[in-house]
Amino acid sequence: MWKILCGIVVLVTIVVNQLSEAREVRRRRGLMLQLDNYLSYDGIMQYLDELALSHSNRVTLKDVARTYENRALKMAIITNGDGRPGKRVIFLDAALHSREWMTPAAALLTIHKLVVEFAENSDLLTDYDWHIMPLANPDGYEYSRNTERYWRNTRTPNGGNCFGTNLNRNFAVDWNVGFPELKDPCDENYAGSSPFSEVEARTVRDIMHGLVESKRAVMYLSLHTANRSVFYPWVYDTDPVSNQKEHDEIGRFVADRILQSTGTFIKTWQYAKYAGTFGGTSMDYALLAGFPLSFVFEMSGTGRDHVEYKFFPPARDIRHLAEESWTGIKAFAEKTIEKYPPSRVISYNPMVKLAENAATRNLGFNSMVATVCLFFTYLTNCNFF
Ligand SMILES: [Zn+2]
């Protein structure tokens with residue numbers, strides 16, 4: 001009798017275990033990141049919500065603000081779950097320019113690698129947390145997906161029949177200085193009605209300020225397509241940044257890693273030396289706000305058939321290009337962590353009042369260079385950055 005009872009208990013235990021394992025497999029399958037098509041705003045939000053539920057010990061989702069069209073600006077805060085507060089932070093954003101569809105895909109894959117594939121990437125989370133905003137301009141993104149593919153800006157009305165501000169011209173670093181289109185409310189380079197007129201730019205700024213104030217800020221990394229470049233500051237000035245060598249070394253490390261991995265050639269530049277100066281970029285602002293490191297990673301938009309698709313690679317290339325970008329993002333992080341271990345003291349010296357000087361800055365030679373470069377950009381249809 002006891003033997004039969006024990007047998008039943010063992011059998012029930014086995015069945016329960018198998019059921020729970022099957023549930024776990026289903027749960028993880030449900031979290032497979034879909035990279036066979038470009039996700040909508042709803043699809044991205046759903047993935048983030050499910051991930052935060054299933055991995056609540058390592059992902060916190062913050063609903064940081066609402067856009068003009070009332071969409072959520074969400075940030076994923078990713079840790080290794082050890083509960084150690086005050087770790088240094090890598091802050092990554094994507095899709096400030098809404099038509100750059102590959103950037104949310106790469107940001108989501110980064111989140112996936114750090115959370116779902118945590119075991120393989122736990123070194124990137126030992127002494128660092130990651131703050132990732134995978135869709136920094138959701139209004140523009142949906143408008144680009146559904147109405148006008150090449151839409152680059154936000155969707156706030158500017159009066160008349162003109163809409164939207166270029167978020168990467170809306171930051172308070174020599175705001176509105178550089179070339180005439182920055183002042184044109186109908187142009188895709190419109191810098192906005194004032195510095196930080198856009199809630200999306202204010203949100204990114206406030207995250208930066210918070211990380212500097214808490215002495216956690218190390219690297220700001222903004223994803224763009226499709227210039228196949230690593231850019232570092234300044235954009236508003238041709239002078240080198242004080243730690244230019246460090247920026248350059250990290251950029252070259254990333255480029256080498258990608259070249260070895262996929263054969264894609266990535267250039268490394270101080271932006272102003274590449275294409276002239278203009279104001280208002282998030283990359284410059286991060287450095288002035290106190291981040292020791294700040295980069296734009298212009299990911300590739302070239303398909304495996306070697307065709308340059310720029311902003312809209314075909315769906316069959318999304319996974320490949322996102323994986324290639326992850327190779328780069330991981331390299332950024334590895335080199336940053338190597339250069340800024342917890343033992344290295346960082347002295348934060350924020351200088352974020354440049355906006356007060358912007359109005360008095362002259363439109364000089366630098367601005368002429370920028371205008372010429374932008375003219376060539378127009379001719380070559382190479383709308384980077
Ligand atoms: Zn861009």
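Q: What makes up the secondary structure of the protein?
A: In this predicted model, the secondary structure comprises twelve helices and eight strands.

Q: What share of the protein counts as buried?
A: Of the 385 residues, 47% count as buried. The term requires 20 or more other C-beta atoms within 10 Å of the residue's own.

Q: Why is Gly303 called partly exposed?
A: Gly303 has 15 C-beta neighbours inside 10 Å. A buried residue needs 20 or more, and an exposed one has 12 or fewer. The value for Gly303 lies in between, and therefore Gly303 counts as partly exposed.

Q: Where is Gly303 found?
A: Gly303 is in the loop that runs between strand E8 (293-299) and helix H10 (318-339). The C-alpha atoms of Gly303 and Leu321 are separated by 7.8 Å, with the two residues 18 apart along the chain.

Q: Which residues does Gly303 touch, not counting residues up to four places away in sequence?
A: With those places left out, Gly303 touches Tyr309, Pro313, Pro314 and Asp317. Each of these counts as a contact because the C-beta atoms of the pair lie within 7 Å.

Q: Which residues touch the most other members of the largest nonpolar core?
A: They are Ile90, Met208, Phe291 and Phe295, in a core of 100 residues. Helix H3 (residues 102-115) gives the most to this core, with nine residues.

Q: Which residues does Ile90 touch, not counting residues up to four places away in sequence?
A: On that basis, Ile90 touches Tyr128, Trp130, Val218, Met219, Leu221, Ala333 and Thr336.

How values were computed: Residues numbered from 1 in each chain as written. Predicted model: local features only at pLDDT ≥ 70, side-chain atom pairs only at ≥ 80, totals over all residues. Core = buried A, V, L, I, M, F, W, Y, C linked by C-beta atoms within 7 Å. Helix = DSSP H or I, 4+ residues; strand = E, 2+ residues; numbered from the N terminus. Contact = placed C-beta atoms within 7 Å.
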